[in-house]
Structure formats: structure tokens, C-alpha cells
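Good morning, everyone. I have one structure to go through today, so please take a look at it before I start.

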Amino acid sequence: MTFDRRIRIAPSILAADFAAFGAECRAVEDQGADWIHVDVMDGHFVPNITFGPQMCRAIRPHVRGVMDVHLMIAPVDPYIEAFASAGADIITAHLEAGPHIHRTLQAIRATGKKAGLAINPGTGIDAVAHLLDMIDLVCVMTVNPGFGGQKFIHSQIDKIRSLRAMIGDRPIHIEIDGGITEDTAPLVAAAGADVLVAGSAVFSAGSVAAPEGYGARIRAIRAAAEVARGAP
Ligand code: DX5
Ligand code: ZN
């Protein structure tokens, strides 16, 4: 994975057909997705359950590019190795998931994978300042984690702007997760985001049988973000 700040679109398979993950991953990648975002939920850290490392391992052969694994689980540390060996390229853990995020990020980096730090809407960025040398990505949640299809929380835009200033020229992606559409993508891109997760917006626009809808939606979100940001 090389670093740059081009706008990347990461469809979340949380909104895909759960009986056809392999085909869904291939379809969105063929239609221009940059990363595949995989939402792991445990029914404890968040009030919903999705899937674990075995599912990640099963879809890995169907993902040509980056598999971006968002862990909404607590505890995290006992499962890092399992997600690493399942083929994740990026492993993102929540700042709120336990008392030792520094140790968690060290453990992710120790697997050789990229380390992501996710922050909930109610969490500020002060703690991020002390972790900048150990992360490759900050995931700013623009909904409360647990479900797809929620409404974008506008109060997070100032946070994104502050985070962008804090990061400066460090090679750290700013990923936005929750409620991304053609309408909200420009707001977060203008504030400094470069990776846009989009679940329902992408997967509601097509199907494995009619994947052109995925492509149209991915291009529309990307274009809206690029216009808002100006020259790359
Ligand atoms: C929420 C997940 C998101 C979610 C986004 O807990 O982390 O990745 O799938 O879905 P949309 O794009 O539908 O808000
Ligand atoms: Zn996510």
C-alpha cells in the first residue's frame, strides 16, 4: 500500500448481500471501489453482531485490493492476530474499546498490518495527538457505530478539520464512516478527509446482477468529494 491523499471510496459490505459476499466484493471493485470496508461487530461494544475472522478469510480471495477491517469489538487484543492472518491489510480498533489503545495499536503494527484508530462521535481528538506515530489511519465515525443506513452527524465536520490540521504532512489517512452520500461527501472532503466509507449509498444502487448502479454511485460520490476539495 502506497500513501497518498487521493479520494478513495471504500464500500462497506455491511450493506451487501450477506449470502454473496465474494461476488459483491468483486462487483464493487470492478465498478471502481478502492478499498473493501469490513465491519466486524460483537454485540457487546456495539448493539449488533456481524461476522468474525473466518468470514474475512473467506472473502479475502475475492478482494484484489485493500481489505480494510473495522473492529467494533471489545476486547480487541485477543483477536488481532486472527484478523491479521485472515488477510486484513488495515486493522482499525476503537479508542473507546478498552483502557489500553496504545498497546492495541502496538499489537496491530507488530503483525505487519496498517493500524487504524476509530473514534466515536462523542470522542474528541486530544488523545489522537499522543498516538500519531503509531497509526496509519484515523476513522472518524459520523454515525454511532453499530448499524448501516443512519443519518450523518454534522457536528463531526469541525472535528475532521481539526484532525487534518493535527496530522499535517504525516502519512495518515482520514477515513469517514457513516452516512456518506453524494451530499455529505463534499462536506467531509472539504474538511480534509480522503477515504470515504459508503455502505447503503453504494449497495442500494445496484446488485451483483446489475452492478453498473454501484459504479455510477461510486463515481458520483468520488466526483462530489473531488470537486469540493479542489485540486488533489
Ligand atoms: C457503522 C459501520 C459503517 C456502516 C456505514 O457502524 O461502521 O461502516 O456500514 O454504513 P452507511 O454508509 O450505510 O452509513
Ligand atoms: Zn465501518
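Are Asp39 and Asp177 buried or exposed? Both of them are buried. Keep in mind that this is a predicted model, so what I quote is computed from predicted coordinates.

I start with that pair. The UniProt entry, which is unreviewed, places the feature "active site" at Asp39 and Asp177. They span 139 residues in sequence, yet their C-alpha atoms are not more than 10.4 Å apart, so the two gather at one spot. Asp39 and Asp177 are also included in the lining of the largest pocket.

Asp39 sits in strand β2. Its relative accessibility is 4%, and with the cut-off for buried at under 20%, that is why Asp39 counts as buried. Setting aside residues up to four places away in sequence, Asp39 touches Ser12, Leu14, Thr50, Phe51, His70, Met72 and Asp177. Two of those names, His70 and Asp177, come back on the next point.

What coordinates the zinc ion, ligand 2? The answer is His37 through NE2, Asp39 through OD, His70 through ND1 and Asp177 through OD, at 2.0 to 2.3 Å. The zinc ion (ligand 2) has 6 donor atoms, with angles of 68 to 170° among them, and its site is octahedral. Along the chain, the donors are spaced as H-x1-D-x30-H-x106-D. Distant parts of the chain are linked here: Asp39 is in strand β2, residues 35-41, while Asp177 is in strand β7, residues 173-177, and the two are 138 residues apart.

I will pick out two of the glycines. Gly146 is in the loop between β6 (137-141) and α5 (156-167). Gly146 counts as buried because its relative accessibility is 2%. Not counting residues up to four places away in sequence, Gly146 touches Met41, Val46, Asn48 and Met72. Gly199 is in the loop between β8 (195-198) and α7 (200-203). With a relative accessible area of 17%, Gly199 is buried as well. Beyond its neighbours within four places in sequence, Gly199 is in contact with Ser12 and Ala15.

Next, helix α1, residues 21-30. Why is α1 described as largely enclosed by the rest of the structure? Because 7 of its 10 residues are buried. Those buried in α1 are Phe21, Gly22, Glu24, Cys25, Ala27, Val28 and Glu29. Their cover includes β1 (8-11), β2, α2 (53-59), α7 and α8 (212-229). Just after α1 comes Gly32, which takes a positive phi of about 110°.

One backbone detail belongs elsewhere in the chain. Ala74 and Pro75 are joined by a cis peptide bond, with omega at about 0°. Pro75 lies in the loop between β3 (66-72) and α3 (80-85).

Last, the aromatic rings. How many aromatic pairs does a search of the whole structure find? It finds 4. One of them is Phe18 with Phe51, a tilted pair at 5.9 Å centre to centre and 55° between the planes. Phe18 is in the loop between β1 and α1, and Phe51 is in the loop between β2 and α2, so this pair ties together parts that are 33 residues apart in sequence. Phe18 is partly exposed, with a relative accessible area of 41%, whereas Phe51 counts as buried at 10% relative accessibility.

Another pair is Phe203 with Tyr214: the ring centres are 5.2 Å apart and the planes are at 70°, so the pair is edge-to-face. Phe203 lies in helix α7 and Tyr214 in helix α8, so the pair ties together parts that are 11 residues apart in sequence. Phe203 is buried at a relative accessible area of 6%, and Tyr214 is buried at 1%. Finally, ring pairs link Phe18, Phe21 and Phe51 into a cluster.

Key
Residues numbered from 1 in each chain as written. Chains lettered and ligands numbered in written order. Predicted model: local features only at pLDDT ≥ 70, side-chain atom pairs only at ≥ 80, totals over all residues. Heavy atoms only, no water. Helix = DSSP H or I, 4+ residues; strand = E, 2+ residues; numbered from the N terminus. Buried < 20%, exposed > 50% of the residue type's maximum accessible area, 1.4 Å probe, protein only. Contact = heavy atoms within 4.5 Å. Donors = N, O, S within 2.8 Å, 3.2 Å for Na, K, Ca; no water. Tetrahedral: all angles 85-135°; square planar, octahedral: opposite > 155°, others 65-115°. Phe/Tyr/Trp six-rings, centres within 6.5 Å; stacked < 30°, edge-to-face > 60°. UniProt positions renumbered as here; feature names shortened; annotations may be inferred. 1 Å grid on protein atoms, 1.4 Å probe; cavity = no way out; pocket = protein on both sides within 12 Å on 5 of 7 lines; lining within 4 Å.
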